[in-house]
Amino acid sequence: MKLFKTMFLNQMRNGSKGSNGSKGSNGSKGSQDYAPTVRRLIQASASLALAASCALSSLASAADAPTGNLEAAKAKVSMCIGCHGISGYRASFPEVYSVPMIAGQNAAYLQAALRAYASGERTHPTMDAIAKSLSDQDIADLAAYYSKLK
Amino acid sequence: MKYFKIALCGAALFLSAGLTQASDLAAGKAVWTKLNCASCHGADAKTPILPAYPILAGQHADFLAHALKAYQRGAAGAPTSANVRKNAVMGAFATQLSKQDVANVSAWLASQPGPLVVRK
């Protein structure tokens, strides 16, 4: 999306450079000034259409999120296993409780939980920090990994 | 005779502990039924209607209790530093539960068979 914005802006800049250039070279001949303006408009509208379709496709891909990769997750679980991989491990604030079993949990729920920590909908000092450090791909990978771990 | 008495006391204690536990579980199941938790989490507590909802069956009882308390704190507007969960639906249900309800329903859920395990 950023790329298309940049392209669009570049095209606008190039377009205006072109028209300035032709104005400079053609002086007061008004009729010849229309061509670059029209070209610039066409370019701009094409870029807009492109940007719009790109925005639509990025919305669609946000809805079905990145696919989890089990192999990639293996390099990312080190930050999970120190608590969730230890039998009988407990957290202590504000009540003492066993950290949840996440192996065998629904992948979509694990993703929702991590996003809730990242957004502040759920709070827990350790999980907030970890969730904020994860990309969407990391979250998808870890959720896929733990949901399949039985 | 002395040892027999001690053994009898031990057996009585064990039995009463067992009975208390049983009544807690029954009360827990009653909470689950009363609030119709199954309508989202599934009748067996491990087949939720949407995969974005958690499997609860067999989860640690103290974690489930902690989660319910966190929903209560979130609904009560506790500061985020207090370990809260803000969720309109779960907040509304959790606020209807007493401390005893939370303990009972958590114990009952933990006693249900489910796929959750501690694994790396």
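Me: In which loop is Asn83(B) found?
Reply: Helices (H or I, at least four residues) and strands (E, at least two) are DSSP runs, numbered from the N terminus. This is a predicted model, in which local features need pLDDT of at least 70 and side-chain atom pairs count only at pLDDT 80 or more, while totals for chains, interfaces and linings use all residues. Residues are numbered from 1 along each chain as its sequence is written, and chains are lettered from A and ligands numbered from 1 in the order in which they are written. Asn83(B) is found in the loop between H3 and helix H4 (88-94) of chain B.

Me: Is Asn83(B) buried or exposed?
Reply: A residue is buried if 20 or more other C-beta atoms, placed from the backbone, lie within 10 Å of its own, exposed if 12 or fewer, and partly exposed in between. Asn83(B) has 22 other C-beta atoms within 10 Å, so Asn83(B) is buried.

Me: What is phi of Asn83(B) near?
Reply: Asn83(B) is a residue other than glycine, and its phi is positive. The value is near 65°.

Me: Is Asn36(B) buried or exposed?
Reply: Asn36(B) sits in the loop between helix H1 (2-34) and helix H2 (38-41) of chain B. It has a positive phi of about 55° although it is not a glycine. Because Asn36(B) has 10 C-beta neighbours inside 10 Å, it counts as exposed.

Me: What distance separates the C-alpha atoms of Thr33(B) and Ala43(B)?
Reply: Thr33(B) lies in helix H1 of chain B, and with 11 C-beta neighbours inside 10 Å it counts as exposed. Thr33(B) and Ala43(B) are 10 residues apart along the chain, and their C-alpha atoms are separated by 9.4 Å.

Me: What percentage of the residues of chain B count as buried?
Reply: Chain B has five helices and zero strands, so that its elements run α-α-α-α-α from the N terminus on. Of its 120 residues, the buried share is 36%.

Me: How far does helix H5 of chain B reach from its first C-alpha to its last?
Reply: H5(B) covers residues 99-111, which is 13 residues.

Me: Is H3(B) parallel, perpendicular or oblique to H5(B)?
Reply: Two packed helices are described by the angle between their axes and the distance between the axes. Axes are lines fitted to C-alpha atoms, for helices over the stretch in contact, and angles run from 0 to 180 degrees between N-to-C directions. The axes of H3 (residues 61-75) and H5 of chain B come within 8 Å and cross at roughly 135°. Angles under 35 degrees count as roughly parallel, over 145 as roughly antiparallel, 65 to 115 as roughly perpendicular and the rest as oblique, so H3(B) is oblique to H5(B).

Me: Which residues of H3(B) meet H5(B)?
Reply: Two residues are in contact if their C-beta atoms, placed from the backbone, lie within 7 Å. On the H5(B) side the residues are Val102(B), Ala103(B), Ser106(B), Ala107(B), Leu109(B) and Ala110(B). By class, the contact has nine nonpolar, one polar and one charged residues. From H3(B) come Ala61(B), Leu64(B), Ala65(B), Leu68(B) and Lys69(B).

Me: At what angle do the axes of H5(A) and H6(A) cross?
Reply: Leu114(A), Tyr117(A) and Ala118(A) in H5(A) meet Met127(A), Asp128(A), Ala131(A) and Lys132(A) in H6(A). The axes of H5(A) and H6(A) (residues 125-133) come within 8 Å and cross at roughly 100°.

Me: Which element gives the largest share of the side of chain A that touches chain B?
Reply: In all, 27 residues of chain A are in contact with 24 residues of chain B. Strand S2 (97-98) and helix H5 (107-119) of chain A are the elements that give two or more residues to that side. The largest share is four residues, and it comes from H5(A).

Key: Expected span 1.5 Å × (residues − 1). Nonpolar A, V, L, I, M, F, W, Y, C, P; charged D, E, K, R; others polar.
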